[in-house]
Amino acid sequence: MNFGIIAAGEGSRLVQEGVSLPKPLVNIDGRPMIGRLIEIFISLGAECISVIVNEQMTEVAEFLRKYEMPPECRLELVVKSTPSSMHSFYELGRLLRGRGRFVLTTVDTIFRREDFASYVKAFTEAPHGVEGMMAVTRFIDDEKPLYVETDEQMDITGFLDTPAPGVKYISGGIYGLDSRAIDVLDRCLENGVSRMRNFQRALVADGLHLKAFDMGKIIDVDHASDILTAEKFISSGAQTEN
């Protein structure tokens with residue numbers, strides 16, 4: 001399995017709240033967020049991990065260039081400032097195209113290792129006709145959550161900006177996709193679409209077979225207070241982290 005990490009945001013809210021480190025290097029459970037993600041991906045048999053960071057994050061780029069990767073997994077680094085996470089995905093898409101299924105996540109998405117492992121296993125073992133598997137959660141701490149509409153088989157039927165009757169999940173910011181999704185991404189950018197949620201709507205509109213996977217609790221680190229919340233969350237499952 002190939003993995004991608006979007007780590008090109010500015011983390012402006014953390015800076016405004018007194019956090020001096022670049023967001024990808026903020027420690028969660030004693031490890032930089034981005035390092036923790038890489039460790040988890042490697043433990044799940046990653047063949048390649050593609051990462052994008054912005055041009056201002058020289059400390060993050062240097063951290064990644066010095067990161068000791070095992071021989072069975074390579075790290076690809078893109079250093080480029082982009083206007084949105086969707087544009088960052090586009091840059092990674094150039095690397096991920098043609099490699100089959102991959103899992104993409106933002107750097108500030110915090111989850112338990114065992115929950116993510118179950119998700120990756122489900123996506124790896126999903127039938128060939130499944131063209132995407134999105135991690136979803138019932139835990140809402142996002143300021144503008146994206147609600148995920150599903151049927152009884154956990155097939156995704158829509159992405160909504162507001163809650164609706166019967167909709168139990170929101171997006172967890174973890175996307176399992178294949179190369180066909182990159183074609184949709186390219187068309188979205190050509191048409192001026194610039195938000196990840198609208199890209200996901202385009203996937204449904206184009207008829208891709210998307211499944212939802214309930215990954216339990218997922219936390220986004222957007223504010224300084226989220227760091228402590230994430231620490232407590234990970235610590236509560238520390239016996240499975242090691």
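Predicted model: local features only at pLDDT ≥ 70, side-chain atom pairs only at ≥ 80, totals over all residues.
**Entry 1: glycine 158**

Setting aside neighbours within four places in sequence, I found glycine 158 in contact with Tyr147, Val148 and Glu149. Glycine 158 sits in strand 10, which runs over residues 156-160. Is glycine 158 buried or exposed? Its relative accessibility is 9%, so I noted glycine 158 as buried; the cut-off for buried is under 20%. I also checked a distance to serine 235.

**Entry 2: two positive phi values**

I went to methionine 154 next. Methionine 154 lies in the loop between strand 9 (147-150) and strand 10. Its phi is positive, near 65 degrees, and the residue is not a glycine. Aspartate 29 was my other entry here. Its phi is near 60 degrees, again a positive value in a residue other than glycine. I placed aspartate 29 in the loop between strand 2 (27-28) and strand 3 (31-32). With a relative accessible area of 26%, aspartate 29 is partly exposed.

**Entry 3: the nonpolar cores**

Which residues touch the most other members of the largest nonpolar core? I noted Ile5, Ile34, Phe116 and Tyr119, out of 35 residues in that core. At least two core residues come from each of strand 1 (2-7), helix 2 (33-43), strand 4 (48-53), helix 3 (58-65), helix 5 (113-125) and strand 8 (132-137). Helix 2 gives the most, five residues.

I then followed isoleucine 34. Beyond its neighbours within four places in sequence, its contacts are Ile5, Ala7, Pro24, Leu25, Val51, Val60, Phe63, Leu64 and Val107. There is also a second, separate core of 31 residues, and Met134, Ala181, Leu203 and Ala212 are among them.

**Entry 4: threonine 105**

I found threonine 105 in strand 6, residues 102-106. Threonine 105 has a relative accessible area of 1%, so I recorded it as buried. What is threonine 105 in contact with, leaving aside neighbours within four places in sequence? I listed Gly4, Ile5, Ile6, Leu37, Phe41, Gly173 and Ile174.

**Entry 5: helix 8**

I tested the length of helix 8, residues 224-235. Its 12 residues, at 1.5 Å a residue, should span 16 Å. The end C-alpha atoms are 18 Å apart, which agrees. In this helix I found Asp226, Ile227, Ala230, Phe233 and Ile234 buried. Why do I put them on the same side of helix 8? They cover an arc of only 130 degrees around the axis, so they share that side. Ser225, Leu228 and Lys232 are exposed on the other side of helix 8.

**Entry 6: helix 4**

I ran the length test on helix 4 too. Its 12 residues should span 16 Å at 1.5 Å a residue, and the end C-alpha atoms are 16 Å apart, which agrees. I listed its buried residues: Met86, Ser88, Phe89, Glu91, Leu92, Gly93 and Leu96. Glycine 98 follows helix 4 and has a positive phi, near 85 degrees.

**Entry 7: the largest pocket**

I noted a volume of about 1,400 Å³ for the largest pocket. Its lining holds 46 residues, and Arg13, Ser85, Thr106, Asp108 and Asp222 lie nearest its centre. Two or more lining residues come from each of strand 1, helix 1 (12-16), helix 4 (85-96), strand 11 (169-177) and helix 7 (196-205). Which element gives the most to this lining? I wrote down strand 11, with five residues.

Note on methods:
Residues numbered from 1 in each chain as written. Heavy atoms only, no water. Core = buried A, V, L, I, M, F, W, Y, C linked by side-chain atoms within 4.5 Å. Buried < 20%, exposed > 50% of the residue type's maximum accessible area, 1.4 Å probe, protein only. Helix = DSSP H or I, 4+ residues; strand = E, 2+ residues; numbered from the N terminus. Contact = heavy atoms within 4.5 Å. Expected span 1.5 Å × (residues − 1). Arc of directions from axis to C-beta. 1 Å grid on protein atoms, 1.4 Å probe; cavity = no way out; pocket = protein on both sides within 12 Å on 5 of 7 lines; lining within 4 Å. Points joined across faces, edges and corners; volume = space filled by probe spheres on them.
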